[in-house]
Amino acid sequence: DGSLTAAVLEPYLDASGAPTANRGLSFFGAEEVVEIVDAITRAGFQTHFHALGDRAVREALDAVEAVARRLGGDAIARLRPILSHIQLVDPADMGRFAALGAVASAQPYWAVMDAVQTDLTLPFIGPGRGALQYPFGDLWRAGARLAGGSDWPVSTPDPIQGVHTAVNRSLPGPAGAAGRLGPAQALTLAQALTAYTLGSAFANHREDESGALEVGLAGDLAVLDRDPFAAPPESIGQARVAMTLIDGRVVHQL
């Protein structure tokens with residue numbers, strides 16, 4: 001987070017690499033978050049957290065866990081609380097998403113080596129934390145449910161570009177020459193497509209209606225002009241939508 005306001009467990013560094021007293025911002029205290037999540041859950045609503053830093057992620061998961069203990073059963077898990085952005089997640093918290101039934105809402109297009117990273121982020125979090133950013137691979141391996149998204153209009157709403165960066169950890173085209181951000185956290189193409197289809201449907205409680213190509217589900221489909229599995233991963237972002245169907249009816253065609 002280039003503004004250095006994301007809540008982090010360890011303090012940000014200054015321009016010389018020395019620790020500061022800045023650990024970002026939490027808009028609510030830990031006990032207050034629990035009460036808010038409790039009230040939202042009792043009302044039957046799905047909780048949606050803005051959680052960029054590793055401390056923000058932990059505080060959100062702590063609140064979900066506290067409410068789960070308080071209300072019992074799957075009172076909160078069945079509502080599928082969502083943690084959005086997840087730029088930093090402490091390794092100790094990776095497995096908690098699956099255990100608590102929390103959804104990791106990912107914006108893969110941000111997981112690239114660009115000026116935001118080189119100038120505004122990496123110098124202030126250090127290489128160790130820098131390599132752990134947007135840990136989609138570790139979250140997937142830990143059993144977390146990933147939902148792909150864009151956070152439009154902050155960045156492109158084009159899911160093909162998001163899938164490209166989730167797999168390559170670099171921007172499409174010449175901009176990708178800047179390098180890869182945390183390549184160990186890359187997803188496979190199948191995993192990335194699942195996050196953008198079934199994962200997003202699950203986050204919206206619609207996996208019984210859409211999110212997969214199955215008999216009985218909504219025929220909401222995008223047909224690409226090529227098979228992305230048959231080409232090098234570096235070319236995923238070159239794919240274009242040739243046809244769009246809603247409820248099985250063509251609404252767009254090149």
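Which hand does the crossing of α7 and α8 have, right or left?

## The α7–α8 pair

In this predicted model, the crossing of α7 and α8 is right-handed. On the side of α7 the contact is formed by Pro159, Gly162, Val163, Ala166 and Val167, and on the side of α8 by Leu189, Ala192, Leu193 and Tyr196. Sorted by class, the residues of this contact comprise eight that are nonpolar, one that is polar and none that is charged.

As for the geometry, helix α7 spans residues 159–168 and packs against α8 at an angle of about 140 degrees, the two axes lying 9 Å apart. The two helices are therefore oblique to each other.

## The parallel sheet and its helices

Four strands make up an open sheet in the order β1-β2-β3-β4, and the pairing within this sheet is parallel. Because β1 (48–51) and β4 (145–148) stand at the edges with a single partner strand each, one side of each is left without a neighbour in the sheet. From one strand to the next, the twist averages 30 degrees.

Strand β3, which covers residues 103–106, is joined to β4 by four bridges in the parallel sense, and valine 103 stands opposite arginine 145 of β4. Two helices pack on this sheet, as the following contacts describe. Helix α2 (residues 54–71) touches β1 and β2 (82–85), and its direction makes about 155 degrees with that of β1. Helix α8 (residues 189–203), for its part, touches β2, β3 and β4, with its direction at about 105 degrees to that of β4.

## The α1–α2 pair

Helix α2, which packs on the sheet, is also crossed by helix α1 (residues 30–42), the axes of α1 and α2 coming within 9 Å at an angle of roughly 55 degrees. That angle makes α1 oblique to α2, and the crossing of the two is right-handed.

The contact draws on Val33, Val34, Glu35, Val37, Asp38, Thr41 and Arg42 from α1, together with Ala63, Ala66, Val67, Arg70 and Leu71 from α2.

## The antiparallel sheet

A further open sheet consists of three strands in the order β5-β6-β7, paired in the antiparallel sense. Its edge strands are β5 (221–224) and β7 (249–253), each of which pairs on one side only. On average, and with direction ignored, neighbouring strands of this sheet are turned by 25 degrees against each other.

Within this sheet, strand β6 (residues 241–246) pairs with β7 over four bridges in the antiparallel sense. One of the positions involved is isoleucine 246, whose bridge partner in β7 is arginine 249.

## Salt bridges

Side chains of opposite charge can pair when their charged atoms come close. The count of salt bridges in the model comes to 14, and among them is the pair of arginine 58 and aspartate 93, whose closest N and O atoms are 2.9 Å apart.

## Backbone exceptions and a loop proline

Most residues other than glycine have a negative phi, and most peptide bonds are trans. Against that background, two places may be noted. Histidine 85, found in strand β2, has a positive phi of about 90 degrees although this residue is not a glycine. Tryptophan 152 and proline 153 are joined by a cis peptide bond with omega of about 10 degrees, and proline 153 sits in the loop between β4 and α7.

Another proline, proline 172, is placed in the loop between α7 and α8. When residues up to four places away in sequence are not counted, proline 172 touches Gln161, His164, Thr165 and Gly237. Proline 172 and glutamine 238 are 66 residues apart in sequence, yet their C-alpha atoms are 7.8 Å apart in space.

How values were computed:
Residues numbered from 1 in each chain as written. Predicted model: local features only at pLDDT ≥ 70, side-chain atom pairs only at ≥ 80, totals over all residues. Heavy atoms only, no water. Pairing = 2+ DSSP bridges. Axes fitted to C-alpha atoms, helices over the stretch in contact; angles between N-to-C directions. Contact = heavy atoms within 4.5 Å. Parallel < 35°, antiparallel > 145°, perpendicular 65-115°, else oblique. Left-handed = near helix turned anticlockwise from the far one by under 90°. Nonpolar A, V, L, I, M, F, W, Y, C, P; charged D, E, K, R; others polar. Salt bridge = Lys/Arg side-chain N within 4 Å of Asp/Glu carboxyl O.
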